[in-house]
Amino acid sequence: MFENSEKTNIESLGEFGLIDHLTKQIDLKQKSSVKGVGDDAAVIDFAGKKALVSTDMLLEGIHFDLAYTPLKHLGYKAIQVNLSDIYAMNGIATQVTVSLGISSKFPLEAVEELYEGIYLACEKYKVDLVGGDTTSSKQGLVISVTALGHADEKNIVYRNGAEEGDLICVSGDLGGAYTGLQLLEREKMVYLENPNIQPDLEGKDYIVERQLKPEARMDIVELLRDINVKPTAMIDVSDGLASEVLHICSQSNKGCNLYEEKIPIDPMTYETAREFNLDPTVCALSGGEDYELLFTIKQADYDKMKNLADISFIGYITEASAGRNLVTKSGTVHELKAQGWNAFKISK
């Protein structure tokens, strides 16, 4: 079809470039469509109530490897990935739909195991599985989950609300999911070379779980509500800290100073990164899949949050002309760049 025309490689655009390209001409026709493409979830007005909708797709061989991913964990993670988008809007998740593309290699028992994880996540986070679809697949397992939720209009937080002087905060710790992935990939290679050697994951439970069984941060949304703090901008950390900070800066038309020494990294993450000759800071900035919440707050709210154990203050928002900077531990200032995972980058 395109043999005689100039072709553009999708990889050159990247995931977000492709989304921008395909959606830049969208013109919302319905008054009920409050927010469309461009944030963690769409916002729809139903009789004065704001509904939140987000969809993610996971494909075998791209987003997960069944060589080391238990199906129960995969089902659990598929739900968490989507709930995280609802929480990143400062909303409450209420329902999910699950659609599967299943190849003939999967027996019923395998699908049942996958659904055990799905049901476990729904039970833990008090969301209802209300529908979906199934079909055959020639490319392996495909999982598509749509999460539904709601929020009062006054509580919804977008990516574009950061103001100069706002503090940049992040929940939990970062880089663990990426280092866990490196460990699992290493053990897979060892197994392929010698199937008689058992995986050596002893003492690495935390980072393995960060990769295989992440937890969406509903508790942070509840905590912020309890202490009466509304973030000015928020996003979940799915593609790496640097990428998410830049999304907030870009959509808010602001700059930032991000401090390396303030980025929260668990000791196990740090040690494992060093074992792999990786820079722990780079793992946190570019690794992704941590599903923590990154958000900005007014300086006036600092006293309400300064003693919270699971929140780190990692920088502040500046005017756009000041640039988007990473201040290293030595005090050197570098331009903050996103080098996170690209869904369309094909391994050579």
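Tutor: Let's start with a term: buried means under 20% relative accessible area, exposed means over 50%, and partly exposed lies in between, with a 1.4 Å probe and protein chains only. This is a predicted model, where local features need pLDDT of at least 70, side-chain atom pairs count only at pLDDT 80 or more, and totals for chains, interfaces and linings use all residues. Residues are numbered from 1 along each chain as its sequence is written, and side-chain values use heavy atoms, with hydrogens and water left out.

Student: Is lysine 126 buried or exposed?

Tutor: Lysine 126 is exposed, with a relative accessible area of 72%.

Student: What should I know about phi there?

Tutor: Most residues other than glycine have a negative phi. Lysine 126, however, has a positive phi near 55 degrees. Asparagine 228 also has a positive phi, about 60 degrees, although it is not a glycine. Asparagine 228 counts as exposed too, at 61% relative accessibility.

Student: How much of the chain is buried?

Tutor: Buried residues make up 47% of the 348 residues.

Student: And how do I read a nonpolar core?

Tutor: Think of a set of buried Ala, Val, Leu, Ile, Met, Phe, Trp, Tyr and Cys residues joined through side-chain atoms within 4.5 Å. Here the largest such core has 49 residues, and Leu83, Ile143 and Phe295 have the most contacts inside it. A second, separate core of 23 residues includes Val237, Ala242, Cys249 and Leu336.

Student: Which residues does isoleucine 143 touch?

Tutor: Contact means heavy atoms within 4.5 Å. Leaving out residues up to four places away in sequence, isoleucine 143 touches Asp56, Met57, Leu58, Leu74, Ala78, Ser99, Leu100 and Leu114.
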